[in-house]
Structures are given as C-alpha cells and as structure tokens.
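Here is a short report on local geometry in a protein model.

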Amino acid sequence: VLMIAMPKNLPQPQLKPNTDVVLQKRYLRKSLDGKLTETPRDLFWRVASAIAAEEGKYEGSSREPESLARDFYDLMTSWKFLPNSPTLMNAGTDLGQLSACFVLPVGDSIEEIFDAVKFAAMIHKSGGGTGFSFSRLRPKESRVGSTGGVASGPVSFLRIFNTATEQIKQGGTRRGANMGILRVDHPDVLDFIRAKEKEGEFNNFNLSVGLTEAFMQAVEKDEHYDLRAPNTGEVVDRLRARDVFDLLVKKAWQSGDPGIVFLDRINRDNPTPDQGEIESTNPCGEQPLLPFEACNLGSINLSCFYLPGHNDDADPARAGIDWDELRRVVHLSVHFLDNVIDASLFPLPRIAETVRRNRKIGLGVMGFADLLFELGVAYNSQAGIDLAERIMGFVQEEGHKASAELARERGPFPAYPTSLYAKKKKGPYRNATVTTIAPTGTLSIIAGCSSGVEPLFALCFTRNILDGERLVEVNPHFEAALAAAGLAGPELMDSVVAKGSIQDLDFLPAKLRNVFVTAMDIEPVWHLRMQAAFQRHTDNAVSKTVNLPNSATEQDIFDIYWLAYKEGCKGVTVYRDGCKSIQVLATGEGQ
Ligand code: UDP
C-alpha cells in the first residue's frame with residue numbers, strides 16, 4: 001500500500017457530536033485485542049493519502065500526490081464530502097476493498113448459484129453490499145435435466161443467500177445488505193411478491209419486482225401479459241397485469257416489501273449496452289450495475305454551502321448558496337472518486353476488469369433537508385423542488401465537466417468508444433456514470449447532517465444505532481430557529497420530543513411550521529416529486545423512501561407507484577408508518 005507521510009502541522013478534525021461514537025465502533029483501526037490503533041486524524045489521513053498516492057501513476061496529472069492528499073484531507077474533515085463507508089474503513093489497509101455496491105449474476109445451475117453465494121460472502125466480509133437478479137433461474141417444479149428431479153425455484157434459492165448473509169454478518173465490519181430482483185414476467189413472480197409475508201423472513205434482503213414497459217402498458221390497458229420460463233423461453237402462463245399490480249400494492253401497504261424498479265427504463269439509460277444488460281441494482285436501489293460490476297459512492301454535504309445573509313424571499317432557489325465553493329468541491333470529489341477506483345482491491349479479477357472498463361462513480365448529496373432549513377424553504381413546496389433541480393443540475397453538470405477534464409489527462413473509460421456517449425458525440429468522459437444519490441445512513445451521522453435527500457424523520461428523536469446504542473438528537477437548525485424567535489424552553493422541547501413534529505403546535509408561527517416539516521408531515525406526493533426532481537439530474541438512481549401515514553390506503557400506494565412511473569423515476573420504495581414492528585428511527589411516541 002502506497003502511503004504519504006503525515007504533515008507535522010496537520011490539524012485535528014473538529015468532530016460533530018456523534019462522530020466519535022460511530023468512528024470508534026466501526027471505522028477506526030483496532031489491534032487484535034480490540035484496542036484502537038488510530039485516531040480520527042489518522043483515519044482521515046490514511047484515506048486521503050492512500051487515495052492521493054494513486055496520482056503518482058498518471059504522467060499527465062497536474063497534481064503532486066502530497067498536496068492532493070492534503071486537499072482530500074481538508075475536503076473530508078470540513079465534512080463537505082465523504083466517500084462511502086468501505087473507503088473510510090479500508091483505504092490504505094491490506095484489505096483495500098473500497099466500494100459499497102456490487103451486482104453479481106445468478107446463473108441457472110447449482111454451480112453458478114453457489115459461486116454467487118460465495119462471491120457475495122467475500123464482498124460482505126469487506127463491507128460491500130450485493131444485488132442479484134434471480135430472473136434467470138428456472139421456475140419451481142420445472143425439470144432438472146441431470147437428475148430427473150424438479151427445481152425448487154428462485155424464492156427457495158433466495159433463502160440460501162439470506163442464511164449465508166446472516167452467518168457472515170457476525171464476523172464482518174457491517175451488515176451485509178442484499179437486493180433481490182425478479183422480473184415481473186418470471187413464472188414465480190407471485191411467490192416472490194409474497195416472499196416477505198411472514199415478518200422476519202428474508203431479513204437480509206430488500207426485494208424489488210422488475211417491471212417492464214410491456215407490463216406497465218398492460219396495466220394501463222387492463223390486459224393480460226405473458227409469463228416466460230427463462231430457461232426455455234416458453235410462455236407458460238398469462239396473468240392479468242392489474243391483478244399483479246394490485247397484489248404488489250397490497251404487499252407494499254402491508255409491509256413495505258417488495259419495492260418496484262422499472263427495468264426497461266434503467267436499461268434505456270445504460271451508458272454501455274454493448275457490455276451487457278442491467279438486471280439488478282445495489283441493496284438500496286440507487287445504483288444499477290452490470291453483472292460483476294461495482295461502484296464507489298461519495299456524498300457532498302449541502303448544508304456546508306449555505307451563505308448566511310443571502311436569502312431571497314422572492315426567489316429562494318437563487319440565493320444563499322456558495323456556488324463557487326460547491327463547484328470546487330464537486331471537481332475535487334470527482335477526482336477523489338476516480339482515484340478510488342485505482343486504489344481499490346476487488347475480491348474477484350472478473351469484478352476488477354468490469355469496474356475498470358466502465359469506471360462508474362456515484363457522487364451524490366446529503367444534508368439537503370438541513371440546507372432547506374437554513375434557507376427557510378419548505379421541502380413540500382415548489383420552491384423546494386426548484387432548489388433540488390438547481391442544485392443537482394449544477395452537481396451533474398460540473399461533475400460531468402470534471403470527468404471530461406480527467407479524461408483529457410488520463411484517457412476516457414476504456415469502454416467509451418462503444419458507449420452511448422460516443423454515439424451521441426458527448427464526452428469523452430473518464431467515468432461511465434458520475435452521479436448517484438445514496439442513502440448516506442452512516443456518512444450523514446459522521447458529517448452531522450440530514451441523510452441523503454430525505455427530509456428529517458423528526459426534529460428531535462432518539463436514534464437506535466449499532467447494536468442497541470441510542471443517541472438523542474435535536475436538529476441544530478431547528479434549535480437555532482427557535483432561539484432566534486425567542487421560543488426555546490424545556491416545555492416546548494418536551495412536546496416536540498414526544499411528537500417529533502411541530503405541525504400540531506398552533507401557538508408557533510406559521511412560517512416556522514411550514515419550513516420545519518418532517519417526513520411524516522410531508523404529503524406522499526411531495527416525497528415522490530422530490531425524488532423525481534433529483535432523478536432528472538442523476539445518471540444512476542436516487543435512494544428515497546416515500547413515507548405514508550399509517551392511515552394511507554392501497555389506493556394511495558397505487559397512485560404513488562403510478563406517479564413514479566409517469567414522472568420518470570427508476571423505482572420506488574414506500575413505507576407506511578407502523579407497518580413493521582422494528583424501525584431504525586422512531587419518534588418519542590409509541591416507545
Ligand atoms: N450498504 C451495505 N450495508 C449496510 C449499509 C450500506 O451493504 O449496512 C451498501 C449498500 O449497497 C447501500 C450502499 O452501501 O446501497 C450505500 O449505503 P449508505 O449510503 O447508507 O452507506 P454509508 O456510506 O453511509 O455507510
């Protein structure tokens with residue numbers, strides 16, 4: 001591992017309130033007897049220097065690795081940008097696996113199925129998550145040539161992957177997460193839709209049904225559609241599309257599972273169709289990938305780019321943001337993520353080859369809800385949507401410029417000449433994709449900001465994290481706004497802690513109640529519109545949950561699914577409050 005000596009005057013990072021706990025639990029290196037062997041400063045220097053050291057091999061580079069390492073260190077410890085967890089954990093170590101997202105193929109033979117189980121175990125051990133499509137497996141009860149027996153089908157094999165994950169997670173750095181996808185035209189689709197009916201089943205999987213354009217049109221026209229055995233190509237059955245869609249809606253209403261992804265739409269945006277078809281995404285759905293492909297993500301903390309005193313009530317989307325600094329950070333972050341590809345060691349040669357051919361990266365944002373609070377713009381408003389479009393449009397445009405600059409210095413990604421970009425005379429780019437909106441589950445805790453592009457779950461809450469430990473949090477922007485209005489006080493805070501929301505507190509000024517909205521205060525349609533706004537400016541996809549109140553009906557979910565389709569989303573995940581007994585985040589009520 002290449003390393004650069006730490007400069008003598010390197011400042012200590014100023015940690016956010018919860019950063020220490022999280023870093024100690026999972027990120028700081030430990031000796032075999034469990035003692036910490038690095039400080040947060042060591043960690044961020046380890047990462048910065050390992051990623052910058054890759055610069056040395058590019059003759060065309062205008063940067064010295066030493067000064068670049070310092071820029072990367074400052075970038076991360078200002079909390080303006082963080083790479084995904086595996087990069088923080090493993091950069092500059094012998095393991096050296098830096099990507100959060102992988103997709104593995106599952107072929108229709110025992111050998112191929114168990115290869116995939118083994119590869120997934122190796123990836124989970126290194127902190128990555130895996131996505132699979134089970135669509136190539138022959139349906140249950142079809143014949144198995146070599147034995148004369150009958151096949152057990154995708155859902156039954158899914159159980160093996162789930163159990164393997166369960167065992168690996170005991171020893172790994174974090175929970176191995178999985179995505180399982182089945183095409184809607186697979187004969188076992190109804191079993192798959194019902195797979196998570198019993199609570200606790202397939203707990204290590206997010207499941208999504210892969211919807212095709214033909215299926216969506218059949219729903220629209222109320223027609224039947226064909227179910228096809230993938231091994232023979234034969235049509236074995238026909239189903240009424242609306243019945244299947246209604247069942248999907250019903251299950252999502254009951255448990256949030258399965259979600260849906262629009263497979264044809266994902267493939268329409270596949271930048272390298274000659275490299276293969278995209279059949280799955282990573283576990284949280286934001287990163288569609290080819291079989292054997294991996295992607296490393298990183299997120300910019302938008303709340304750092306607020307310029308106080310520049311609010312403009314007439315056009316809030318215009319003012320209050322330090323665009324020049326955002327541009328600088330986007331360019332440096334793209335550079336960082338491109339170097340991560342070179343620094344990463346992959347668990348299989350096949351994965352390393354696929355990754356280095358397309359060089360996908362996923363730069364996204366977090367702290368969006370915080371920025372809205374700072375600007376005084378409501379999430380559930382046209383101004384909120386306009387701001388999202390403006391910011392992500394900017395990140396997308398500058399991100400692509402940065403990738404084009406890297407291509408001039410280092411050459412385009414090797415598959416560029418046969419990519420859609422080359423056909424459309426765009427680029428050349430260094431990376432087949434540049435942007436992705438990740439959930440930033442842990443990154444947002446380290447950076448002390450709201451996660452991804454989600455609204456706050458509550459203005460005050462206790463957070464259950466990492467093996468039962470709990471953290472109490474009051475949103476600092478909310479606290480500041482209350483103080484500015486002369487409203488802070490223990491009694492008020494008690495009512496906010498109990499509810500999480502201030503919508504029922506009529507004595508508070510309307511402006512405050514309009515701006516400080518939480519996930520449950522926001523009507524589902526605004527959640528969806530926000531997802532669509534970010535998707536319009538993102539190469540890959542957007543991790544987002546559409547929250548619904550417990551009282552939401554199946555028709556409400558149907559409407560959201562339909563709107564997601566019409567608005568151009570790549571998939572959608574809904575969650576009806578209280579439909580599962582275990583929730584990661586909870587407000588005071590009901591605890
Ligand atoms: N992921 C995983 N296990 C986890 C959390 C995340 O495998 O426990 C993977 C998964 O592919 C997910 C991606 O990391 O889609 C990004 O998740 P997130 O942004 O929440 O990760 P962070 O970098 O904040 O830890």
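Arg 576 lies over the face of Trp 253, at 3.7 Å from the ring centre. Arg 265 takes up a like position over Phe 262, where the distance to the ring centre is 5.0 Å. The model is a predicted one.

**Ring pairs**

A search of the whole structure gives 26 aromatic pairs. One of the pairs is Phe 132 with Phe 134: the ring planes meet at 45°, so the pair counts as tilted. Phe 132 and Phe 134 are both buried. Phe 215 and Phe 245 form another pair, with planes at 35°, so this pair is tilted as well. The centre distances are set out in the table.

| Ring pair | Centre distance | Plane angle | Class |
|---|---|---|---|
| Phe 132 and Phe 134 | 5.9 Å | 45° | tilted |
| Phe 215 and Phe 245 | 6.4 Å | 35° | tilted |

Where do the partners Phe 215 and Phe 245 lie? Phe 215 belongs to helix H8 and Phe 245 to helix H9, so the pair ties together parts that are 30 residues apart in sequence. The cut-off for buried is under 20%.

Ring pairs also join residues into a cluster. Its members are Phe 215, Tyr 225, Phe 245, Phe 262, Phe 558, Tyr 561, Trp 562 and Tyr 565.

**The crossing of H8 and H9**

Helix H8 spans residues 213–220, and helix H9 spans residues 241–255. Their axes come within 8 Å and cross at roughly 100°. Angles of 65 to 115 degrees count as roughly perpendicular, and H8 and H9 are therefore roughly perpendicular to each other. Which residues make the contact? On H8 they are Phe 215, Met 216, Ala 218, Val 219 and Glu 220. On H9 they are Ala 241, Arg 242, Val 244 and Phe 245. By class, the contact has 7 nonpolar residues, no polar ones and 2 charged ones.

**Cis peptide bonds**

The bond from Asp 257 to Pro 258 is cis, with omega near -5°. Pro 258 sits in the loop between H9 and strand S8 (259–262). A cis bond also runs from Gly 427 to Pro 428, with omega near 0°. Pro 428 is in the loop between helix H15 (420–423) and helix H16 (443–447).

**Positive phi**

Asp 222 has phi near 50°, a positive value in a residue other than glycine. Asp 222 lies in the loop between H8 and strand S6 (224–228). With a relative accessible area of 32%, Asp 222 is partly exposed.

Arg 359 also has phi near 50°, again positive in a residue other than glycine. Where is Arg 359 placed? Arg 359 is in the loop between helix H12 (349–358) and strand S12 (361–366). Its relative accessibility is 4%, so Arg 359 counts as buried. Asp 222 is partly exposed, whereas Arg 359 is buried.

How values were computed. Residues are numbered from 1 along each chain as its sequence is written. This is a predicted model: local features need pLDDT of at least 70, side-chain atom pairs count only at pLDDT 80 or more; totals for chains, interfaces and linings use all residues. Side-chain values use heavy atoms; hydrogens and water are left out. Axes are lines fitted to C-alpha atoms, for helices over the stretch in contact, and angles run from 0 to 180 degrees between N-to-C directions. Helices (H or I, at least four residues) and strands (E, at least two) are DSSP runs, numbered from the N terminus. Angles under 35 degrees count as roughly parallel, over 145 as roughly antiparallel, 65 to 115 as roughly perpendicular and the rest as oblique. Contact means heavy atoms within 4.5 Å. Ala, Val, Leu, Ile, Met, Phe, Trp, Tyr, Cys and Pro count as nonpolar, Asp, Glu, Lys and Arg as charged, and the others, Gly among them, as polar. Rings of Phe, Tyr and Trp (its six-membered ring) pair if their centres lie within 6.5 Å; planes under 30 degrees apart count as stacked, over 60 as edge-to-face and the rest as tilted. Buried means under 20% relative accessible area, exposed over 50%, partly exposed in between (1.4 Å probe, protein chains only). A charge sits over a ring if NZ of Lys or CZ of Arg is within 6 Å of the ring centre and within 35 degrees of the ring normal.
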